[in-house]
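Q: Please take a close look at a single part of this structure. Then set that part beside the sheets and the charged pairs.

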Amino acid sequence: ADPEQWLEAAEEPIATEESQENVDSSLSNGAGTTSTQAEVSQKKITLEDALGVKDKASVTYQGFKTSDTYQEGNYYSLNTVFGKTFLIMNFTIKNTSSKDLKIDAFSNNSLYAVSVDGKEQVQAEQTFLTYSLSTYQGKLKSGESVDVVLLFEIPAEESEGIKDVKMSLRQKGVNYLVEL
């Protein structure tokens, strides 16, 4: 239901930034949301902490690109709906320890979201990608790394000239701003 609400909100004309802020605050209060954007920005987390691999692995943000399609290998392809495009965020997980490291991002049950240039937050696509930051499960040998992604379906008009991407996550009932 939330994506439909975002679509309905996107169809309404936006008069000014000031009035949009008022709409956002009334929507969050009306929806019964208990956390505000201010609370989200107060608590910060690294991706290493989010994945439970602190001091064992590094998780490096490698930037983003936008595309109407995403393909993993030769077998799995996703397309956006009309008027949307994928914001594809790229990350590298590297085992920095001297032992094999089992990574189980899926069990952390983290919900990732982004805000593009200060706009409304969009949740990551819940996909069956093998190489997603939110679902990756595997073993990395010492020094080995794996590239993973997060996909966000954003309005196509927001994909031009993106300057600022802020990522957050919700884990175990707590909202965090992710340090990229």
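A: Helices (H or I, at least four residues) and strands (E, at least two) are taken as DSSP runs and numbered from the N terminus. The model is predicted, so local features need pLDDT of at least 70 and side-chain atom pairs count only at pLDDT 80 or more, while totals for chains, interfaces and linings use all residues. Residues are numbered from 1 along each chain as its sequence is written, and side-chain values use heavy atoms, with hydrogens and water left out.

T127 counts as buried because its relative accessibility is 15%, where buried means under 20% relative accessible area, exposed over 50%, and partly exposed in between (1.4 Å probe, protein chains only). Leaving aside residues up to four places away in sequence, T127 touches L78, T135 and L151; contact here is heavy atoms within 4.5 Å. The T127 side chain also reaches the backbone nitrogen of L129, at 3.4 Å. A polar contact is a pair of N or O atoms within 3.5 Å; within protein, one must be able to donate a hydrogen and the other to accept it, and residues adjacent in sequence count only if both atoms are side-chain atoms.

Two strands pair if DSSP finds at least two bridges between them. Strand 8 pairs with strand 7 (residues 111–116) in the antiparallel sense over 2 bridges, and V122 of strand 8 stands opposite V114.

Another open sheet has 3 strands in the order 2-5-10, with antiparallel pairing. Strand 2 and strand 5 (residues 84–95) run antiparallel and are joined by 9 bridges, with A57 partnered by N95 in strand 5.

As for charged pairs, a salt bridge is a side-chain nitrogen of Lys or Arg within 4 Å of a carboxyl oxygen of Asp or Glu. A search of the whole structure finds 1. The side chains of D164 and K166 meet in a salt bridge at 3.1 Å, N to O. D164 is partly exposed at 30% relative accessible area, and K166 is partly exposed at 44%.
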